[in-house]
Structure formats: structure tokens, C-alpha cells
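Trainee: Please take me through the strands of this model, close up. I would like to know how they pair.

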Amino acid sequence: MIQTVATTPYADQKPGTSGLRKKTTVFQQPNYVENYVQSIFDSLDGFSGKTLVIGGDGRYFNREAIQKAIRIALANGFGRIVVGRGGLLSTPAASALIRSLKAYGGIILSASHNPGGPDGDFGIKYNAENGGPAPEKLTDRIFAGAQTIAVIKTLDTPDVDIDALGTTKLDGGTVEIVDPVTNYAALMRTLFDFDAIRALFASGFRMRFDAMHAITGPYAHAILEGELGAPAGTVVNGTPLPDFGGHHPDPNLTYAKALYDEMMSKDAPDFGAASDGDGDRNLIIGRGQFVTPSDSLAMLAADARLAPGYAKGLKGIARSMPTSAAADRVAAKLGVACYETPTGWKFFGNLLDAGKATICGEESAGTGSDHVREKDGLWAVLLWLNILAKRRISVAELARQHWATYGRNYYTRHDFEEVDLAAANALMDALRAQFASLPGQRFGALTVEAADDFEYHDPVDGSDTKGQGVRVMFAGGSRIVYRLSGTGTVGATLRVYIERYEPPGENLALDAQAALADLIGLSRSLAEIEQRTGRKAPSVVT
């Protein structure tokens, strides 16, 4: 039943920071999925008879791709394939399942927060035995193999019924369909005080969770409404849809505007949250109080000890370079290390595996801990609920107390999406050409202290990663960061990160965009964004 199918390479199968992402129509080309999946297995060894986890976020083409991956995995020698029912597994739940089963690895079918549907995006990524994204040395091997692939090994079998729990025997191994929520929910019970959170909801505490018609819906229904006693209707848009209901499943103030508007209304719930396409990102909004992802990381780290899973304290904190330095100040007070890494959760993996960090976060709404090796949207929501249940104060009051203690890092991110790639690269090159001349220059009240292209030396494996984003740093702790994102599928996304530190005092309640107005203007003129890209305004402001 094993077939050997001749194929020819596709030149564009180079994975980005989170696997291979393209338009769905690209993946639907003959052998496109098969080539990439086979190239993954060709880059691995020692997996004969081992377990592979497969799942995805339920987006369009997810089910078809899973059937292809099952056949190729068994034909190549895997002995047991574990699939979430309906092909569904959130990215953090897949990581948890890989770890709890001690599986060899896993394949996740998702394009994360990118739109879905026939005209949307699709993605495939491989996660290693620690449950985390494949490191660069492995993705480099996968890409190299994809450029020379000539043969695909697959099975000639009917589709597996992925909607029925149970085990199916196929040539060379078994396919086991499991409930996608059970293992993840059990892990959450070990980390959080569910009794305290139940008591919080029983006291009349109101919450709104927007699952954005994406993968987190079933998890939120089961845990928030099922186990923790949140009233029915707390979770909205909770049914995963192939096109996410025609919406963009990115939990930010642009695409989750309905949630934001509700949380700013007179009769707002006490707490609002959302998660993205594959369940690894989060949005946190209290009544009348938006919490930036950078601040959320810092606030969670400061009070993490209130949750049973973190009662012994943190080993360290890690953040991506574009994330604000708010977490650094918490780490300093706690007396633990704070690591600054390139963007991409895979860079946290070594720190977590080595026991150097407990909590990690990215400004792109990703937060997580050493319980898995992915960022985890619902985990962040549950930690917030645990903290609020113990402290019994509002999100707004928690934020005020935090800033009064640590100061406030006013922060915003401006995204210019689908910019011409050549123009974007030219913009970055022009910024790099100013490195020598920028230090010492004054722009109004701002004085440039340093300018560079961020490089990272991994303290665990000694590897070096260069060219991770242009930083323009000012006296007093302010900075502007420019970076081209690796998660889009069309052109380039220019991300501009703007930060100003305000020490404890009287200026902690300003509107962020107003507080950053001079830096925002300088970020446009310094990089000549309009002249080089034709864009007068960003596509998304967070």
C-alpha cells in the first residue's frame, strides 16, 4: 500500500519565523503540501515506530492537508499518529500533547492570526519533541531538502474518519483520534487555582471572551463556561469556522474592535479577552482599560506567584527584542534574569529547556510559560483571572498600581502591511546606512544614544542570530525599532515599534498615542516611510 510518487521541487518553500505560510491556493497546487511534508521527514531521523501529533486551527483546507500528512507520515515510518478530533488542535494544545505523550514531534496546520478561506492563508510547521517550533538549523535542512526533492512516499488508503474518537489501523501503524481539549484542560488545572476563579465568577464577576470563530472556542467553552462557571454567553464567536466567519482572527484593537467597544462602554463586563486563529495569542482589556501585550507580560510576571504553578517564583523572564522593557523592570525587582531575544517563539525554547526562564512574551500578543513550548492565549487569560481572583481589584486598578511601582513604558506598534518587498528592503538598508551618523543627533527633546541592527547570542547553545531589526535608542530609555515581519504571505509587513519610558510619578495616565506623538512623527520621517512605500498611515495600530 506504500506508494512512491515522483515529484519536482517548488522554489518558494522556505519557512519563516513560524513555518511555511502562503496563500491557500499555493498550497492547493499539485504535490505542494506533499513536497513540504516529505521534506520535513527527510530532514529527520530515528522516528521509526514513534508517535507524531497532527492538528490545526480548522481553517479552510485543514482537513485535506491532514489526510495527506497522515498518509505520508505512516509511509515514512511513524508508528502512531495522534490527531485532534475534527483535525482541531490549538497550537499550545498541540505542544502540550507532544510533551505529555513524549511524541517524536508534531505537524501543525495553521497560518496563525492570518485570514482563512479559499482566498486566505494556510501554513504548515513542524514542532520538535520538546513541543516547540523547529529551530533554524532544522528549518534550514527542510528548505534544502525541498529544493532537491524528487520522491514522495505515501499510502494508497481511504481517508481516515477524523471526526470519530478512537483508533484506526492502517498499513504500518495506527491513527488515534483524541479530544482536542482534554489533555490541555488537565494541564491548566495543575497551574491555576480553579476554585478561586470559580468563586470570582460566582461573586458576579462578568467576562467576555471573543474566540473570533477560531480554534480557542471549544477550549474556552469547556474551561471558562464548563469548569469555571462563567455564565453561558461569556464566550462569543466560539465555533471554529474555515474562514473565521469572514473576519481577520488577529486579537488587536483593529480586528477585535467590537470587543474593545464593549469593554469601553458604560455597562462593560469586568474583564475582556480574545485569542487568535491558532490560539497562541491573546488580547486583554479591563473595563475601560486596554493592556498592551508588553504590559501584560510584565504584570503577569509581577503577580505570577499567586497561581499554584508559579508559587515558587520565576527562574527568569524572556521577551522578544521589540517588546517593551516593562518586563525588565519586574525582573530586576524580582532578582531574576531577563533575556532579550529575536522575534519568534523558537528562540525562547532553549531558555525554557535550560531552566533559565519561566515566563516569556512578545509584543505581538504572545505570552506563555515553561508549561509548553509555544505562546498560549488561553493560558494568559487564565493567569489574569487567577490574579484577579486573588487580588480582587479591577484591571484598571492593577495597572495603576503596577505603573506606580515600576513606571510606565508607553508603547505602540504601527504596521504597514503588504508593502512592496523591494521598497521595504531599501528602507531598511537606508536606515542601516545611518548607524554611524545617528548617535548624538538631536530631534527636538530627543537625543539619539545608539543605533544598530539587533544581534542575539544564545546563552544556551552559543549560536548567533543577526539582522533582527533596526534599533534607534534615545537617552532616557525611549526607542524606535524597525523590522520586517516573517509571518505575512504577500509583500512585506513593515512593523514600527515605538516606546517611551516614564518613571513613577504624575505622568502615568496619558493616552499612549499622545504620549508618543513626537516619537511617532520621528519614526516616519527618519525612515522616509511615505516617500519609500507610498503609505501615509499604518494599516494597523496596536
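Mentor: Start with a definition: two strands count as paired if DSSP finds at least two bridges between them. Keep in mind that the model is predicted.

Take β8 and β9 under that rule. Strand β8 covers residues 166–170, and five bridges tie it to β9 in the antiparallel sense. Lysine 169 faces threonine 174 of β9 across this pairing. The two strands make a hairpin, with two residues between them. Look at glycine 172 in the turn: its phi is positive, about 90°.

Now turn to β4. This strand spans residues 80–88 and runs parallel to β9, residues 173–178. Five bridges join β4 and β9. Valine 178 in β9 is the residue opposite glycine 84. Strands of a sheet pair through backbone hydrogen bonds, in parallel or antiparallel fashion.

Five strands build it, in the order β11-β10-β12-β13-β14, and the pairing is mixed. β11 (235–236) and β14 (289–291) are the edge strands; each has a single partner strand, so one side of each lacks a neighbour in the sheet.

Inside that order, check β10 and β12. Strand β10 holds residues 207–210, and strand β12 holds residues 271–275. They run parallel, joined by four bridges. Aspartate 210 has alanine 274 in β12 as its bridge partner.

Technical notes
Residues are numbered from 1 along each chain as its sequence is written. This is a predicted model: local features need pLDDT of at least 70, side-chain atom pairs count only at pLDDT 80 or more; totals for chains, interfaces and linings use all residues. Side-chain values use heavy atoms; hydrogens and water are left out.
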